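Here are my notes on the two-chain model you sent. Please read them with the structure open.

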Amino acid sequence: MTPRIDEMRAQIHATPMPSPAARSRWPGRGRVGLLSGGALTFALAVGVAVLLSVNSSAPPAYAATVHVSGGQRTVQITLREEQDIPELNARLEAERTRIRVVPVVRGCNDPVHEVSNGKVIPGPAKTLLASAQYFHGHPVHIVSMTIAVNTITGRTLVIPDSHDGLYSGGGGVVVGPAPDCVGIGPRFTIKG
Amino acid sequence: MTSTIDRGKPAFEALYDRTAERLLVSLTRRTQDTEVAGELWAECWAAAFVGWSRCRASGPEEEEAWIFGIARRRLADYWRAGAVERRALERLRWTMPAASTAEDDELARIAELDALRDALAGALATLPEPRRRALRLRIVDGLSYPDVAARLGCTEEAARAQVSRGLRVLQRTIDRDTLNYTQGV
């Protein structure tokens with residue numbers, strides 16, 4: 001096995017490490033908000049009904065609970081700490097959903113082909129962007145949402161997540177598996 | 001806390017040196033296919049290299065859990081899609097390390113695939129007939145869950161439960177042997 005292992009190691013050694021991405025600065029610190037309001041926007045845009053609820057009580061650190069009612073399958077996602085993303089995604093995978101939570105990372109470069117209105121957007125693959133959503137000058141924080149699951153083979157619904165809520169929003173449906181990260185888009189203000 | 005941890009390339013290379021072979025053997029045992037395992041393994045390392053700055057492990061053991069977690073996710077993607085993604089490899093413009101037949105044979109020997117197949121066959125034989133049949137329909141024949149349910153004469157949820165429980169038994173067999181291998185190194 002050595003030649004294969006040596007060959008891969010040589011590639012690792014010869015490649016500059018990618019720039020450190022923005023990472024959580026607050027392990028152990030209370031987290032205010034997470035799942036994006038923007039996810040609501042894009043999910044509706046692609047025909048996935050999102051029944052949104054903001055929990056004011058103390059929900060678990062993370063959860064993915066599937067409900068089946070009248071032939072409609074929904075999954076409720078709760079997430080409080082960015083560090084729990086892998087566990088939450090493992091839960092979503094175990095529930096056989098094509099939904100994945102992806103961290104928002106400054107300088108992210110992980111192009112994917114996005115789907116809009118059921119069709120793949122033509123052109124080269126692009127990095128998804130997440131936009132911070134503001135309401136009366138305050139960032140929108142969401143810790144829990146319920147999504148009607150309409151699983152489409154080969155496509156994944158990406159829900160972006162940021163550690164401080166400033167970049168919550170955006171995401172989309174992509175072809176294939178979810179990217180490793182989502183970039184930062186422009187701020188978005190909710191009127192009202 | 002995590003800011004004090006060395007996330008530089010030497011730490012990544014140290015992780016690679018510690019776990020590269022073990023990860024390859026683990027994937028080989030899970031896929032029962034040296035070629036597929038090699039492709040998954042290479043993609044895992046490329047993905048890990050790209051995501052190294054986001055690794056929050058606080059020590060070597062957690063780092064190893066992190067890379068094995070990546071492997072589990074890639075493996076799950078493979079089972080679902082039926083093909084190995086090469087996104088991270090392509091992004092880094094890395095090539096898939098080629099392996100000779102002799103190298104693959106050596107990998108199969110180290111992974112003890114023959115013994116594992118016997119063990120899995122033994123574990124499969126211990127399953128109740130409906131569960132064994134559900135596994136065969138889903139895994140061997142590649143049927144969808146609705147089709148498995150139709151063949152078994154049960155609901156789709158029940159079919160999923162049968163397959164899931166059966167896989168857990170088989171997984172325990174693989175994990176037990178992998179543990180033995182790890183302890184033997």
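1. Start with chain B. Read along the sequence, its pattern is α-α-α-α-α-α-α-α-α. That makes nine helices and zero strands. Keep in mind throughout that this is a predicted model.

2. How does chain B hold together? Of its 185 residues, 32% are buried. Now take the contacts in chain B with a separation of 6 or more: residues 24 or more positions apart account for 70% of them.

3. Next, the interface. In chain B, 32 residues are in contact with 24 residues of chain A. Four helices of chain B each supply at least two residues of the side that touches chain A: α1 (9-31), α2 (34-51), α3 (60-81) and α5 (101-110). Which helix gives the most to that side? The answer is α2(B), with seven residues. By class, the side of chain B that touches chain A has 16 nonpolar residues, 10 charged and six polar.

4. Chain A brings in strands. Five of them form an open sheet, in the order β4-β11-β12-β5-β6 (chain A). The pairing in this sheet is mixed. Why is one side of β4 and of β6 in chain A left without a neighbour in the sheet? Both strands, β4 (99-103) and β6 (119-120), stand at the edges and have a single partner strand each, so one side of each stays without a neighbour there.

5. Within that sheet, look at β5 (residues 114-116) and β12 (residues 172-175) of chain A. These strands run antiparallel and are joined by two bridges. Opposite A:V115 stands A:V173, in β12(A). A helix also packs on the sheet: α3 (residues 85-94) of chain A touches β4 and β11 (155-161) of chain A. The direction of α3 in chain A makes about 170 degrees with that of β4(A).

6. Finally, a hairpin in chain A. Strands β2 (residues 62-69) and β3 (residues 72-79) of chain A pair over eight bridges, in the antiparallel sense. One of the paired positions is A:A64, whose bridge partner in β3(A) is A:I77. How many residues lie between the strands of this hairpin? There are two. At the hairpin of β2(A) and β3(A), A:G70 takes a positive phi near 55 degrees.

Key: Residues are numbered from 1 along each chain as its sequence is written. Chains are lettered from A and ligands numbered from 1 in the order in which they are written. This is a predicted model: local features need pLDDT of at least 70, side-chain atom pairs count only at pLDDT 80 or more; totals for chains, interfaces and linings use all residues. Two strands pair if DSSP finds at least two bridges between them. Two residues are in contact if their C-beta atoms, placed from the backbone, lie within 7 Å. Axes are lines fitted to C-alpha atoms, for helices over the stretch in contact, and angles run from 0 to 180 degrees between N-to-C directions. Ala, Val, Leu, Ile, Met, Phe, Trp, Tyr, Cys and Pro count as nonpolar, Asp, Glu, Lys and Arg as charged, and the others, Gly among them, as polar. A residue is buried if 20 or more other C-beta atoms lie within 10 Å of its own, exposed if 12 or fewer, and partly exposed in between; C-beta atoms are placed from the backbone.
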